[in-house]
Amino acid sequence: MQTLEVQLGERSYPIFIGESLLTKPDCLLPWIRGKQVLLVSNSTVAPLYAAGILQTLRDAGLAVADVTLPDGEQFKDWQHLNLIFDALLQARFSRKVTLIALGGGVVGDMTGFAAACYQRGVDFIQVPTTLLSQVDSSVGGKTGINHPLGKNMIGAFQQPRVVLADTGVLRTLPARELSAGLAEVIKYGLIRDLDFLCWLESHMEGLMARDPVLLAEAIERSCRNKAEVVAADEFEQNDIRALLNLGHTFGHAIETGMGYGAWLHGEAVGTGMLLAADLSCREGWLTAADVTRVKRLLERAGLPVAAPQGMTPEIFMQHMAVDKKNVDGRLRLVLLKQLGQAIVTDQAGTDNLQATLAAGCAGALT
């Protein structure tokens, strides 16, 4: 087992990465401060892993309840968030309750948001079961739900007590979900870790084959990068943490424009990163060879490299106008000054942006 620390003063917490963590009570129980626990999962993950965790909790003498949400981004809304509050209130759980999020990014985001709101804040623990959630959404304390007009626009910062990334659960992960997670892994190489990007280029086939040693290395290096960024800018106040949103402004527009759940988050981010690379090239920062390099790596990871049919530049611009990074109505994008170095800018040329969107919608990104 590998251990990382997210350094946030009194809100610091460990990330445990390794095989079979879900079967090790010592990884979970020390982080539960009260006697009440609500396990939140979804209809895909709960049948696989919930029973073992519930038994561990009950054997420890804890008062336990559980709730199973439907699986999918389209259910990340107020209506289904209320299912968590219903379970908490029906069990008469107090402010000493601990929520455990067992699932992917949707479960983690919703459980964390519920924890931030219930009795004005209670503990929660992240047990991510997808590659994407293990390398990204479970770390850093961003929680929330979607709105029909914008993704993740309603939420709160709520840091977990601990993150348990059990690499063994990735064996049951659908291939499409594996690729979606690799998009967020690739992101770290593009924004701040060129050595990692080169490592990914050398090992992508092994990662796609789910080599456990390579996956553990990719998760550890991704989490280390994210932990360093979050420690430097927990509440995204000085544009350091915003760099983690490479490809997300474009990607969120795809998710919102196509309807939540049509594309996985990582698929949309993968295409979004290629759009960002293309625009960075048009701005004079990346070379055409750099953009091709990004495209080839995304393709090897099984990710789409063109906007979905039905997306237009107008739909992109409509949804990109509703983005958390925007300030005073100005569109702000994360772009690449070079591979391994990202920036946040509101100075991208309008003509260049329109050309990138047109190329993306036509499947002509190179």
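In the predicted model, β3, helix α2 (residues 46-59) and β4 form a right-handed β-α-β unit; right-handed here means that, with the strands pointing away from the viewer, the path from the first strand over the helix to the second runs clockwise. Helices (H or I, at least four residues) and strands (E, at least two) are DSSP runs, numbered from the N terminus. Residues are numbered from 1 along each chain as its sequence is written. Local features need pLDDT of at least 70, side-chain atom pairs count only at pLDDT 80 or more, and totals for chains, interfaces and linings use all residues, while side-chain values use heavy atoms, with hydrogens and water left out.

Strand β3 pairs with strand β4 (residues 63-69) in the parallel sense over seven bridges, pairing requiring at least two DSSP bridges between the strands. Ser41 has Thr68 of β4 as its bridge partner. Strand β5 (residues 98-103) also runs parallel to β3, joined by four bridges, and Leu39 is bridged to Ile100 of β5.

Seven of the seven residues of β3 (residues 36-42) are buried, so the strand is largely enclosed by the rest of the structure; buried means under 20% relative accessible area (1.4 Å probe, protein chains only). In a regular strand, side chains alternate between the two faces of the sheet. Gln36, Leu38, Val40 and Asn42 point one way from β3, and Val37, Leu39 and Ser41 the other way.

Strands β2 (13-18) and β6 (123-128) each contribute at least two residues to the lining of the second largest pocket.

Conventions
Buried < 20%, exposed > 50% of the residue type's maximum accessible area, 1.4 Å probe, protein only.
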